[in-house]
Amino acid sequence: TSETARTRPTMEIYLRLKRDTTTLFVTCNTHQKVAFLTKRVCALVGGAKEENVKLLKDIDSKEQIHIQPEEGEEKKEPERIELDVNKSIRSCGLPNGSIVYFVFKKDDGEWEKVTIPGEESEKKK
């Protein structure tokens with residue numbers, strides 16, 4: 001084995017990739033690039049082009065516990081950032097079990113918004 005292979009700690013983890021009502025469970029190594037996840041999305045959802053897929057994560061890991069607002073407060077959209085396809089999964093701060101959202105580019109060139117089932121009905125109440 002090479003020196004690089006011995007010094008680079010790797011760990012197999014699983015991530016949940018979500019879009020609307022779809023959840024993909026993907027195993028990967030922490031040293032792999034985010035581009036690997038984009039390729040998996042394309043392969044699993046029927047041939048989307050990589051340049052038409054964007055991966056996002058909530059800015060803080062606490063975001064994955066969607067806290068209900070106090071009475072009279074409006075529910076805030078979680079802040080999300082796009083993952084850099086050239087960075088490793090580890091350097092993007094994705095621990096085992098993380099949720100990553102994926103969206104597609106629409107025909108008009110705009111990106112879809114992240115939608116989570118149930119959030120729309122809560123906003124209408």
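1. Arginine over a ring. In this predicted model, the charged end of R80 is placed over the ring of Y101, at 4.4 Å from the ring centre.

2. Aromatic pairs. The structure contains 2 aromatic pairs. One of them involves F102 and F104: their ring centres lie 5.8 Å apart and their planes meet at 75°, so this pair is edge-to-face, given that planes over 60 degrees apart are classed in that way. Both partners are buried, F102 with a relative accessibility of 2% and F104 with a relative accessible area of 16%.

3. The buried side of α2. Helix α2 spans residues 34–44, and its buried residues are V34, L37, T38, V41 and C42. These residues lie on the same side of α2 because the arc they cover around the axis is only 140°.

4. Cysteines. The model has 0 disulfides. C28 is buried, at 3% relative accessibility, and C42 is likewise buried, at 8%. C42 also belongs to the set of buried residues in α2.

Key
Residues numbered from 1 in each chain as written. Predicted model: local features only at pLDDT ≥ 70, side-chain atom pairs only at ≥ 80, totals over all residues. Heavy atoms only, no water. Phe/Tyr/Trp six-rings, centres within 6.5 Å; stacked < 30°, edge-to-face > 60°. Buried < 20%, exposed > 50% of the residue type's maximum accessible area, 1.4 Å probe, protein only. Lys NZ or Arg CZ within 6 Å of the ring centre and 35° of its normal. Helix = DSSP H or I, 4+ residues; strand = E, 2+ residues; numbered from the N terminus. Arc of directions from axis to C-beta. Disulfide = S-S within 2.5 Å.
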